[in-house]
Amino acid sequence: MKTHFIAIGGSAMHNLAIALKDKGYLVTGSDDAIFEPSKSRLEKKGILPQEMGWFPEKITPDIDAVILGMHAHQDNPELARAKELGLKIYSYPEFLYEQSKNKTRVVIAGSHGKTTITSMILHVLNFHQKDVDFMVGAQLEGFDCMVKLTQDNDFMVLEGDEYLSSPIDLRSKFLLYQPNIALMSGIAWDHINVFKTFDDYIEQFRKFVASITPGGVLVYNEEDPEVVKVVENAENYFRKIPYKTPEYEISNGKVYLKTEMGDVPLSVFGAHNLLNLEGARHICQQLGIMDEDFYEAIMSFKGASKRLEKVEREDKGTLYKDFAHAPSKVKAAVKAFVEQFRNDKKYGFLELHTYSSLNPAFLEQYDHAMDGLDEAVVFYSEDALKIKRMEPISPEFIKEKFKNENLKVFTNAEDLHAYWNTLDKTNGVYLMMSSGNFGGLDLSQ
């Protein structure tokens, strides 16, 4: 089968391209910019475009599938050529469904926790050498690629994202998967640039639950009132399995899960991660993994990439980075950090740089998000606001919305870096929360 990727360099797209190459497909692609690690990984597989840009002549009648990434625009010249030739054009999730429609599809959805839960499930399955197809949004220890597609596996585990499928398909990605087994971890308003109201956002999850195949299974977080509301109002038939935060204790800086089989030591911390773990356990039960085997495997799970991930520093200071930027994720990460390091001086840094996080209406959601930290810092770039054509935001406005008068607010990278350099990183513990890089801050030094 011959496939062509428009915007092959994306983090999800390049992994799918590699998976198809490994499956024996003929893969080509284009992009106007490709960064690491995508560049090296595509080059290693021999599918890195020879030059950057869009080339309509690459689109030929013998292509069986054109896969369109979100990075491409509606007026993309390669897309126009594909339409002209009448080629089959797929979004990323649409193509994944095509690859898995004859398998049992397990879809992990939710505003937060879905990457970690999917990672936990795959870690346990890999530990017990149970082979499945999968797609996950983070690099995992023991896995070469974030996507795996085979002819023979019975199951496919998919991280279900509620964001848009492609520039020409404005459905939420997870609505295309039609799960046989699903999990919903929580609902907290996100992607405000696409879903203008909270109800618009919740509607995607209502549709997701409605897309579960007849007689399927939904594992859901019974501690989240919005999730419970969606599940209780669902009109289609499926089996409902609720879960909640399990009992645990922290002793000498180590987290122990309290189970019928005794205390299970873990390598992750935070109540939200224990809640994620419980959801993963219920999904693994559906896949034939007994609790005893689940606990044996989960002890060695060290976390998904950039989710409370410890950074090795030259000075041996204690520093964790987290992808958290949405309010619910920030609150969960801070709460976990404060609980885990209750006897240490705690520094927390948050970068606001997504469209949603810089939206004045959305900033209301960050109230008390940094509470419990000894030093709390928020950084956003005034230049980024100008680029996004957004109104200026004052540091006083940020403090007001966070409801934290002691918050330190920096609006340019130079001042942030100067403050960072005054801190003794071996004194206290540090939590760095961002989907960016704090204006080029090197966290390892």
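Mentor: Start with helix α1, residues 11–22, which lies across β1, β2 and β3 and runs at about 170° to β1. Helix α4 (residues 92–100) packs on this sheet too, touching β1, β3 and β4, and its direction makes about 100° with that of β4. Helices (H or I, at least four residues) and strands (E, at least two) are DSSP runs, numbered from the N terminus. Contact means heavy atoms within 4.5 Å. Axes are lines fitted to C-alpha atoms, for helices over the stretch in contact, and angles run from 0 to 180 degrees between N-to-C directions.

Keep the source in mind. This is a predicted model, in which local features need pLDDT of at least 70 and side-chain atom pairs count only at pLDDT 80 or more, while totals for chains, interfaces and linings use all residues. Residues are numbered from 1 along each chain as its sequence is written, and side-chain values use heavy atoms, with hydrogens and water left out.

Now the sheet. Four strands make an open sheet with parallel pairing, in the order β2-β1-β3-β4. The edges are β2 (26–30) and β4 (89–91); each has a single partner strand, so one side of each lacks a neighbour in the sheet. Neighbouring strands are turned by 25° against each other on average, direction ignored. Two strands count as paired if DSSP finds at least two bridges between them. Strands β1 (residues 2–6) and β3 (residues 65–68) run parallel and are joined by four bridges. F5 has I67 of β3 as its bridge partner.

Next, how the two helices meet. The axes of α1 and α4 come within 11 Å and cross at roughly 30°. These helices are therefore roughly parallel to each other. The cut-offs are under 35 degrees for roughly parallel, over 145 for roughly antiparallel, 65 to 115 for roughly perpendicular, and oblique for the rest. The crossing of α1 and α4 is left-handed. That term means the near helix is turned anticlockwise from the far one by less than a right angle; clockwise is right-handed. From α1, the residues A12, M13, L16 and L20 meet Y92, F95, L96 and Q99 of α4. Seven of the contact residues are nonpolar, one is polar and none is charged. Here Ala, Val, Leu, Ile, Met, Phe, Trp, Tyr, Cys and Pro count as nonpolar, Asp, Glu, Lys and Arg as charged, and the others, Gly among them, as polar.

Five bridges link β15 (residues 254–259) with β16 in the antiparallel sense.

The crossing is right-handed. On the α8 side, L277, A280, R281, C284 and Q285 make the contact; on the α9 side, D291, F294, Y295 and I298 do. Here six residues are nonpolar, one is polar and two are charged.

Strands β9 (residues 164–166) and β10 (residues 169–172) pair in the antiparallel sense over two bridges. L164 is the bridge partner of S172 in β10.

Check two backbone details. Most residues other than glycine have a negative phi, and most peptide bonds are trans. The bond from E36 to P37 is cis, with omega near 5°. P37 lies in the loop between β2 and α2 (38–44). Q129 has a positive phi, near 55°. Q129 is in the loop between α5 (114–127) and β6 (133–135).

Last, the whole chain. It has 13 helices and 22 strands. The radius of gyration is 22 Å, close to the 22 Å that the globule rule gives for 445 residues, so the chain is as compact as a globular protein of that length. That radius is taken over C-alpha atoms, and the rule is 2.2 Å times the number of residues to the power 0.38. The C-alpha trace spans about 65 × 55 × 45 Å along its principal axes.
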